[in-house]
Amino acid sequence: MYYLIKSTLTECTLEDCRTKGGQYVAILTPEEWVSQRDIFEMGIDLEIDALEVHNTKAEVNYDSLTGTFSIPDRRDVTGEDYKFAFALDEKGIVFIDSSGRAQKIVNRVKNTKKWRMPSLERFMYDFLEQIIHGDQPLLEKYEKELVALEDRIVDGDDEEEILNRVNEIRGDVRELRTHYEQLIDFGQELEENENNFFKEQNERYFRLFINKATRLQDMASSLRDYTVQIRDLQKTQLDVKQNRIMTILTVVTTIFMPLTLIVGWYGMNFRYMPELNWKLGYPVVIAVSLLIGVGGLIYFKKKRWL
């Protein structure tokens, strides 16, 4: 697909891109790029391999800017990324994509944007903005879910299930944070404008995008720290439960220690133990044992150890 950058993106032909003099956007498959790359007359000295994409980056060539996009799927952030490459000069930009993701983003720009002063810089800003469009509500959703999970931990719900979900969110946030870092570097490379492809007054679009991506990166960093706090809270709650169990066991042991002494004392087989022949000996021992048990419980209750 080929577009001219006018007040909106206007579909055109390859010939129009070459002859009508306006800046253009082209979306090609890797095979189409191989056959048409010479037509665009870009000074590319770094070979573009659209099948070997690992991150989002931009690299300066002799007379062009090339690079790649690796965009996480917001429905499955830790899953497979959408990957495609691009080549750019002052005349326009060519996306090299077999996944269809670049086409979807361009379509959203085409259907939602209308420009008073159209330019390649403004198109690049809107293209990049569409990549992160909707990320702030996504991060806010993660934050609300983490708050709910924190409350569930305090209420004593299933900790294993909660911890698994916290780890999933932590993984998503980590991937998004890395994505924003790469986008910030990408925007800074565009703003650097080493080959003077962009008008100086339009470099503000790249600064605006960098600021947006930086705010999202800060939100992602805060959420990552929040997940660590929740994990620490879970460990603290586990320690509290273990301490309660140990307290109960200690109290029970303390109460039964004097009873064990009585059992050991009267288990001795001395001939002249007067209590052995005393009619009230057995009831008295029972009463003393009960008194010790009840008294111990009352004492520990007053000390708030139970």
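Visitor: Which residues does F123 touch, not counting residues up to four places away in sequence?
Guide: I5, L9, V25, I93, F95, V106, V109 and W115. Contact means heavy atoms within 4.5 Å. A word on the source: this is a predicted model, where local features need pLDDT of at least 70 and side-chain atom pairs count only at pLDDT 80 or more, while totals for chains, interfaces and linings use all residues. Residues are numbered from 1 along each chain as its sequence is written, and side-chain values use heavy atoms, with hydrogens and water left out.

Visitor: Why is N193 called buried?
Guide: Its relative accessibility is 8%, so N193 counts as buried. Buried means under 20% relative accessible area, exposed over 50%, partly exposed in between (1.4 Å probe, protein chains only).

Visitor: What makes a polar contact between the side chains of N193 and E203?
Guide: They come to 3.1 Å. The term needs a pair of N or O atoms within 3.5 Å; within protein, one must be able to donate a hydrogen and the other to accept it, and residues adjacent in sequence count only if both atoms are side-chain atoms. The N193 side chain also reaches the backbone nitrogen of F197, at 2.9 Å.

Visitor: Why are α4 and α6 called roughly antiparallel?
Guide: They pack at about 175°, with axes 12 Å apart. Angles under 35 degrees count as roughly parallel, over 145 as roughly antiparallel, 65 to 115 as roughly perpendicular and the rest as oblique. Therefore α4 and α6 are roughly antiparallel.

Technical notes. Axes fitted to C-alpha atoms, helices over the stretch in contact; angles between N-to-C directions. Helix = DSSP H or I, 4+ residues; strand = E, 2+ residues; numbered from the N terminus.
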